[in-house]
Amino acid sequence: MGFTSVYDNIVLIGFMGSGKTSVGKSLARQLYKDFVDVDSIIEAEQNTSVSEIFKNKGEAYFRALEQKCINELTQKKGQVIATGGGLPIYSSIPEKSLIVYIDADFDVILKRLSTKERDKRPLLQDTSRAKALFDERIDRYKELADFRVDANQSIQTFIHVIFDHILDQRVL
């Protein structure tokens, strides 16, 4: 089962901790597609964590890595791609990608993430700053998305919503 020419890849966007990686892995498995995570690829290529890249080389350097990574990833077809929370804000997503916005409430995100997980995310360490960033990004996520899914429910529920949308749109 392959993608038609309408969409080459499914790109998941949303705020940090919204569930892009968890959803992406499950969705890719159900669609028999490859799953790729932009942050994981960058960490492997740089041999360090995203938080260390932010700390040692700065956000602008990291954003350049994100753009390069998404450009390279979308050269291949038939993938489910989880982006970092800032990628759709600071970088462009190549055309021919179905962009799915994983929309989770800020409080739900905080509940999902342990303190240890929050510590790995430099922009989530200050809750009030993170909330302001969340509020700034929402409109951009909505603007970019071809489809929005409510992530405030169980992961399996919203994976089924995405899957049903994909089948309804006949993008496979």
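I began with Arg63, whose side chain makes a polar contact with the side chain of Glu66 at 2.9 Å; a polar contact here is a pair of N or O atoms within 3.5 Å, where within protein one must be able to donate a hydrogen and the other to accept it, and residues adjacent in sequence count only if both atoms are side-chain atoms. I kept in mind that this is a predicted model, in which local features need pLDDT of at least 70 and side-chain atom pairs count only at pLDDT 80 or more, while totals for chains, interfaces and linings use all residues. I also noted that residues are numbered from 1 along each chain as its sequence is written, and that side-chain values use heavy atoms, with hydrogens and water left out.

**Salt bridges**

I then looked up Glu66 and Arg63 as a charged pair and found that their side chains meet in a salt bridge, 2.9 Å from N to O; the term covers a side-chain nitrogen of Lys or Arg within 4 Å of a carboxyl oxygen of Asp or Glu. Glu66 and Arg63 are three residues apart in helix α4 (residues 59-73), which means that about one helical turn separates them; helices (H or I, at least four residues) and strands (E, at least two) are DSSP runs, numbered from the N terminus. Arg63 has 9% relative accessibility and therefore counts as buried, and Glu66 is buried too; buried means under 20% relative accessible area, exposed over 50%, and partly exposed in between, with a 1.4 Å probe and protein chains only.

How many salt bridges does a search of the whole structure find? I found seven, and I followed two of them into helix α8 (residues 127-144). Lys131 pairs with Asp135, with 2.8 Å between the closest N and O atoms, and these two residues lie four apart in the helix, about one helical turn. Lys131 is partly exposed at 33%, and Asp135 is partly exposed at 39% relative accessibility.

Glu143 forms a salt bridge with Arg140, where the closest N and O atoms are 2.5 Å apart. I noted that Glu143 and Arg140 are three residues apart in α8, again about one helical turn, and that Glu143 is exposed with a relative accessible area of 57%, whereas Arg140 is partly exposed at 29%.

**Helix α2**

At the start of helix α2 (residues 38-46), I found a side-chain oxygen of Asp37 reaching to within 3.1 Å of the backbone nitrogen of Asp39. Just after α2, Asn47 takes a positive phi of about 55°.

**Rings and core**

In one of them, Phe106 and Phe134 have ring centres 5.4 Å apart and planes at 55°, so the pair is tilted. The pair links distant parts of the chain, as Phe106 is in helix α6 (residues 106-112) and Phe134 in helix α8, 28 residues apart. Phe15, Phe106 and Phe134 form one aromatic cluster.

Last, I looked up the largest nonpolar core, which has 48 residues, and Phe15 and Val100 are among those with the most contacts inside it; such a core is a set of buried Ala, Val, Leu, Ile, Met, Phe, Trp, Tyr and Cys residues joined through side-chain atoms within 4.5 Å.

Conventions
Rings of Phe, Tyr and Trp (its six-membered ring) pair if their centres lie within 6.5 Å; planes under 30 degrees apart count as stacked, over 60 as edge-to-face and the rest as tilted.
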